[in-house]
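User: Please take a close look at a single part of this structure, the salt bridge and its setting, and then continue to the surroundings of the ligand.

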Amino acid sequence: MSDNSIKFTGLGHTIVDGARLPMDSEPEIVSLRPEKLCQYIGQKKTIETLKIGIEAARQRNEIIDHVLLHGPPGLGKTTLAHIISNEIGGKLVVTSGPALEKGGDLIGMLTQLESGDVFFIDEIHRLSRSVEELLYPAMEDFCIDFVFDKGMHARSHRFRLKQFVLVGATTRVGLLSSPLRHRFGIFRNLDFYTTEELETIIHRSAALLKQSIDNDGAAELAMRSRGTPRIANRLLKRVRDYALVKSDGHIGRRAVEEALELEGIDCLGLTPLDRQYLDTIITYYNGGPVGIEAVAATLQEETDTLVDVVEPFLLKTGLVIRTSSGRKASQSAFAHMGVGCRL
Ligand code: ADE
């Protein structure tokens, strides 16, 4: 492992060298992240699969298969890429589908990888077709064919690559082409965390922040974190500020309730946008069924934001139902929004 630094390349890519940053340059978000698989809370089967894959590769002196992680935002896809690189001792190179505009962008990054490095592509479903096709031989045979010039002057040069691990992350696995999907040996869906898992994560994060919190406070915060560690950690910081300024600094249930009311987070953890989405279906479209495009137009929101960020949790908790004719609000959504059910 090398010189413990993060390099921002200015091209939408980041290179993370080493498992840890010096304490004073470590952003708080990184310090709340687990660094090793044994510290990871939740996603038991995924963690077990990764432990086995990494240990088997270590025993055979090989590298682990490429890993595809999919699921809603904030459930740990990026964290797991960091952990995989820490576990196998390579550096982590981070980029995203939209940042890799041209084939040259990808080639530039791949040719700098060392053996055992982890190449993380976030939003991998947004790679252009031409970049995606360059990735196939890179994943399969660790080589890349670059074509110079066009027409009768076209020449191709084959670059040999070091054996890297590709970790791809996506919120929309259905948009991935099947040739790309099939080149990943490990393919895991990350699901929402249980309230108990989030409570444990909140206690761990509070300890790292040297913040006192009791069980009731952690339970209330966990209930309102939409099954998502990133939200739990973000809200923990808001409640921590609130408790410091408005009371004695300790986090109990009351501090959580008051601070989250200010944030517009309700007792189920729904955000203002979640509630606007439900309200649109209930009051504009009589509870549905209604197409997502119509809801997005009424809310003046991007359809992708609703599909990627808002809907997964509402579907998981049964507040919204997806039917062949569109989205419907469930009876529990009517009850939660305080509207008489018209179903
Ligand atoms: N912090 C954020 N996500 C976490 C997780 N899954 N386990 C432990 N700490 C975390």
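**A salt bridge and the ligand site**

Analyst: In this predicted model, the side chains of D117 and K91 form a salt bridge, with 2.7 Å from N to O. D117 is found in the loop between α4 (103–110) and β5 (118–122), and K91 in the loop between α3 (77–88) and β4 (92–96), so the pair ties together parts that are 26 residues apart in sequence. Side chains of opposite charge can pair when their charged atoms come close. With a limit of 4 Å between a side-chain nitrogen of Lys or Arg and a carboxyl oxygen of Asp or Glu, the count comes to 20 salt bridges.

The ligand is considered next. L32, P34, Q39, Y40, I41, Y193, I201, R204, P229 and N233 are the residues around the ligand. By class, this shell has seven nonpolar, two polar and one charged residues. R204 contributes a polar side-chain atom, which lies 3.3 Å from a nitrogen atom of the ligand. Taken alone, the ligand exposes 260 Å², of which the protein buries 94%. The ligand takes up the space of the largest pocket. Two or more residues of the shell come from each of the elements α7 (195–208) and α9 (229–246).

Technical notes
Residues numbered from 1 in each chain as written. Predicted model: local features only at pLDDT ≥ 70, side-chain atom pairs only at ≥ 80, totals over all residues. Heavy atoms only, no water. Near = heavy atom within 4 Å. Polar contact = N/O pair within 3.5 Å; in protein donor to acceptor, adjacent residues only side chain to side chain. Areas by Shrake-Rupley, 256 points an atom, 1.4 Å probe, with all protein chains shown as cover. 1 Å grid on protein atoms, 1.4 Å probe; cavity = no way out; pocket = protein on both sides within 12 Å on 5 of 7 lines; lining within 4 Å. Sits in = over half its atoms within 2 Å of the grid points. Helix = DSSP H or I, 4+ residues; strand = E, 2+ residues; numbered from the N terminus. Nonpolar A, V, L, I, M, F, W, Y, C, P; charged D, E, K, R; others polar.
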